[in-house]
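Subject: Structure handover

Hello,

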Amino acid sequence: MRAILRGVEIRLTMQKIPGNPPHKIVQAVGGQVLLLEDDLLLAKYFGQMLGAVGVEDVLIAHDNNAAIDLINNSNIVAAFVDIGMKLGTSEKTAQVLVEHAIPFAFVSGQPLSDPLKRAFPDAIVLIKPARKAQMEATLQALGYKAVVE
């Protein structure tokens, strides 16, 4: 898994999440998934969960600027966007995703605020803490396909 931290790309080690049966191998066929999360521990956790449900290429950004740079320079096919950032909201990133026609889900511990509901009326919202089944369902709703061998 790759992460972009202050413009520097690093690799994160994927770890097997307990409870994944060893006979079930999931392989993503859909492309890169962006994860915008400003909390480093939550970013690693969500990145590992995405890996566990079959996403092989997760790009992690910790702020709007890094996320927008990845959107403009990568092959992102879906995104998970944390709503509440330490320095504001992720509305800028969401708008760029809409402009690029990239499906995304907001991730939050709370429902969308009224201004975000008006700006993104059809937005999918994944409520934290998300479980594996919720991640799989959200990826499916975003049109991301994974194959089970």
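The count of aromatic pairs comes to four, where rings of Phe, Tyr and Trp (its six-membered ring) pair if their centres lie within 6.5 Å. This is a predicted model, so local features need pLDDT of at least 70 and side-chain atom pairs count only at pLDDT 80 or more, while totals for chains, interfaces and linings use all residues. Residues are numbered from 1 along each chain as its sequence is written, and side-chain values use heavy atoms, with hydrogens and water left out.

Aromatic pairs

One of the pairs is Y45 with F46, which is edge-to-face at 5.8 Å centre to centre and 80° between the planes. Planes under 30 degrees apart count as stacked, over 60 as edge-to-face and the rest as tilted. Y45 is partly exposed at 36% relative accessible area, whereas F46 is buried at 2%. Here buried means under 20%, exposed over 50% and partly exposed in between (1.4 Å probe, protein chains only).

F104 and F120 are also edge-to-face, with 6.0 Å between centres and 85° between the planes. F104 lies in strand 9 and F120 in the loop between helix 4 (114-119) and strand 10, so this pair ties together parts 16 residues apart in sequence. Helices (H or I, at least four residues) and strands (E, at least two) are DSSP runs, numbered from the N terminus. F104 is buried, with a relative accessible area of 10%, and F120 is buried at 6%. Ring pairs link F104, F106 and F120 into a cluster.

Helix packing

The axes of helix 1 (residues 40-52) and helix 5 come within 10 Å and cross at roughly 70°. Axes are lines fitted to C-alpha atoms, for helices over the stretch in contact, and angles run from 0 to 180 degrees between N-to-C directions. The contact (heavy atoms within 4.5 Å) is made by F46, M49, L50 and A52 of helix 1 and K132, M135 and L139 of helix 5.

Backbone and a buried Asn

A cis peptide bond joins K128 and P129, with omega about -5°. P129 is in the loop between strand 10 (124-127) and helix 5 (132-141). A101 is not a glycine, yet has a positive phi of about 55°. A101 sits in the loop between helix 3 (91-99) and strand 9 (104-108) and counts as exposed at 67% relative accessibility.

N64 lies in helix 2 (residues 64-73) and counts as buried at 13% relative accessibility. Leaving aside neighbours within four places in sequence, N64 is in contact with L36, M85, T89, S90, K92 and T93.

Regards
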